[in-house]
Amino acid sequence: MTKESPVVSYECSHGLAQLRIDNPPVNALSQGVRQGILDALDQAAADGAAAIVISCVGRSFISGADIKEIGQPPREPQLPEVMARLEASAIPVVAVLHGHALGGGLEIALACHYRIAAAGTRLGLPELKLGIIPGAGGTQRLPRLIGLAPALDMITTSKPVTAEKALKLGLINAIIDGDPAKKDFVETAIHWTADHALSREQHPRISEIRMQPSDADLDALATARKRASRKPDVLAPRYLCDALEAAFTLPFADGLARERELFVECRDSPQSAAFRHLFFAERQAAKLPVKPANPVEKIASAAVIGGGTMGRGIAINLLDTGLPVTLLEVDEERVSMAQDALQKHYQASVSRGRMSDAQATERLARLSLVTDYEQLNTVDLAIEAVFEDMAVKSQVLKQLDAVCKPGAILASNTSYQDINQLAAVTKRPDAVVGMHYFSPANIMKLLEIVRGDATSPEVMQQVLDIGKACGKIPVISGVCYGFIGNRINRRLQQQAQFCLLEGATPAEVDAAMEAFGMAMGPLAVGDLAGLDIGYMARQALSDEEKGDPRTYWIPDNLVESGRLGQKSGQGYYRYKEADRKRSEDPEVSAVVEAASKHFGYERASLAPEEIVERLLLAVVNEAARLLTEGIAARPGDVDIVYVNGYGFPAHKGGVMYWAEGLGSQTVHDKLQHYWQKSGDESLKPAQALVELAASGRGLSDLGV
Ligand code: 3H9
């Protein structure tokens, strides 16, 4: 018989029930899917089916609970009921995976008796990235099946494993041949079911496995607990350890109940809402307001101009994505320096077990190093990563324009320069775009994609696509000094200087920001990056361009007394050579006190809350301005930039999300207060904030 539901189809023939889920775009487990599965199980029992095969239509198996439903009033049937019914089914159930099997999708598969997958399938439990723990049996079944330490690794990293690794771990029973987009794939799955599932009298239920963790397992759990305890206000990693412990200390049913209790507390927390905001904001930030009229070509080869730290990082990222890469340097000496560095990078990756020797060799084989621009004439994309100077970058863009084939995209990895000015030196301004990577470029996820006035939607789409393929989180930015990230972060850095002048110490500023959850305080960040970098950049500016001297007097004095940051063992702090641990330094206190005196400040202590509010509200105020100018399209775009590039704590949802929680009136009033107190003009509430507060609207209304 055949029974249809809008998202789950059911068919039974020759004693095999086939259940197909079709809930685009990613087959999330929305209410209709959950109900459809239960109905199909009933129907299979009524039909006397000998086995049930669950598979999905489209690009993927189930990619998890429907994130839009999380935080809404629960709708029956809930997932734990679906899992319980699947596992208890007297008829064996086989999950046939392809694409992704994530979160609740993998939990569904774990509740089935058998799991088989197409080659290339990716399986994972990424719930921590949403501020929750797996809540439908994942923390109880996965460690029972593959062991505590591997399960812990999969869940804490949120990284999916490949089908090949899953087979080794014992997570799936087999990898099956065939193209999941074609009918013969499901037929192969049915044959596998007939050969393997029907022949057995007993069908394995993971809940029946007794867990006996080894010492190594227990050590892994203790390490995870220790790591989670370093951020005590972030719930999910701590709760995950509790749930996993329940898997071996409690009977299965009690373990499930404990998992559910912990899951519900995470799900209902403000943190989970903050993470969900980031999930959807990340996807919005990479969307063009108007899609290109026609499908665009995929970028298949790339060149990087400049083999310094940034250029090398970009080249590694492109090589890791599978592209052939040509790296151009000015002379043979620099070519061989870049080559050595890249070889060392891949050797280190092999010795750390991150990739095999063969993989490293294959990646290096795709790398060509050249000194002659002519050799870039076939690439689809050329990214310049040369010295941050307009004249140098313009020269490079001109040379690229002369040699690159028509249609090739010319990108600049500038942090500050005007993309329109760079585009104007070429005959293809429509194909010039900014690709602002963050250092180290092969690791940092954020990628600002800067749209020039003339950049075509097609080029934007191609660059967004390659950014995503390279594992980046692309955010579209308009053209302005510093784009989104550096422009807003400059305000935070400047505000830190005002706090120092008024009475705070560097350690107090950094401690306040780190206690709030920033990955590192702003002055420690300055030491890490090198205080001389900003110093040298300022030397090229006029007094007017440099702005208020109160915002650079202290760092200039530190640099001039030889304190360049971590690299010289001293900056805002003194650093121990062995472990680079920072400690306060009376010499710095003397410079800070001299600065206060120089500008006529009476030093008075500042409460940590005031430091946090001033620094972050300075960012919010600048973001309000750039949102009004259309540099960023939505407050969520600013959140994605600040979380992924500047260490804002993800569990607080981003700086604009945090400010939205305060409310526009409070944001406005606090800015007004701190502006009057400090005399710093950048704290004067932006016009857009004045209007929001007056009309009672929230910060999410900012943007164009
Ligand atoms: C969970 O399962 C909890 C359980 O343990 C327990 C419950 C009791 N829901 O990323 P893309 C949308 S928590 C709703 O651009 P890709 C997405 O918003 C869940 N919507 O595609 C976008 O919409 P739009 C655990 C979802 O090919 C569109 O699909 N699972 C969901 O680059 C395309 O997404 C996860 O955390 C969802 N679950 O990547 C997996 N997933 O076009 C989250 C996606 O309107 N998802 N959408 O902007 C992913 O990691 C990626 O989307 C995936 C595809 C790898 C699947």
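## Salt bridges

Let's start with charge pairs. Side chains of opposite charge can pair when their charged atoms come close. In this predicted model, a search of the whole structure turns up 33 salt bridges.

One of them pairs Arg225 with Asp242, and their closest N and O atoms sit 2.9 Å apart. This pair ties together distant parts of the chain: Arg225 belongs to helix α8 (residues 215-229), while Asp242 is in helix α9 (residues 235-249), 17 residues apart.

Next, the sheets. Strands of a sheet pair through backbone hydrogen bonds, either parallel or antiparallel.

For a look at one pairing, take β15 (residues 409-412) and β16 (residues 432-437): they run parallel and are joined by three bridges. Leu410 has Val432 of β16 as its bridge partner.

## The three-stranded sheet

There's also an open sheet of three strands, ordered β6-β8-β9, again with mixed pairing. Its edges are β6 (100-102) and β9 (161-162); each has a single partner strand, so one side of each is left without a neighbour in the sheet.

Strand β8 (residues 122-124) runs antiparallel to β9, with two bridges between them. Leu123 finds its bridge partner in β9, namely Val161. Helix α3 (residues 104-111) packs on this sheet, where it touches β6 and β8, and its direction makes about 85° with that of β6.

## The cavity

The largest cavity has a volume of about 50 Å³.

Which residues line the largest cavity? They are Thr505, Pro506, Ala507, Tyr572, Glu584, Asp585, Val588 and Ser589. Helices α19 (506-516) and α24 (586-598) are the elements that give two or more residues to this lining. Sorted by class, the lining has four nonpolar residues, two polar and two charged.

Key. Residues are numbered from 1 along each chain as its sequence is written. This is a predicted model: local features need pLDDT of at least 70, side-chain atom pairs count only at pLDDT 80 or more; totals for chains, interfaces and linings use all residues. Side-chain values use heavy atoms; hydrogens and water are left out. Two strands pair if DSSP finds at least two bridges between them. Helices (H or I, at least four residues) and strands (E, at least two) are DSSP runs, numbered from the N terminus. On a 1 Å grid over the protein atoms alone, a cavity is a set of points where a 1.4 Å probe fits but cannot get out, and a pocket is an open set with protein on both sides within 12 Å along at least five of seven lines; lining residues have an atom within 4 Å of a point. Grid points are joined across faces, edges and corners, and a volume is the space filled by probe spheres set on the points. Ala, Val, Leu, Ile, Met, Phe, Trp, Tyr, Cys and Pro count as nonpolar, Asp, Glu, Lys and Arg as charged, and the others, Gly among them, as polar. A salt bridge is a side-chain nitrogen of Lys or Arg within 4 Å of a carboxyl oxygen of Asp or Glu. Contact means heavy atoms within 4.5 Å. Axes are lines fitted to C-alpha atoms, for helices over the stretch in contact, and angles run from 0 to 180 degrees between N-to-C directions.
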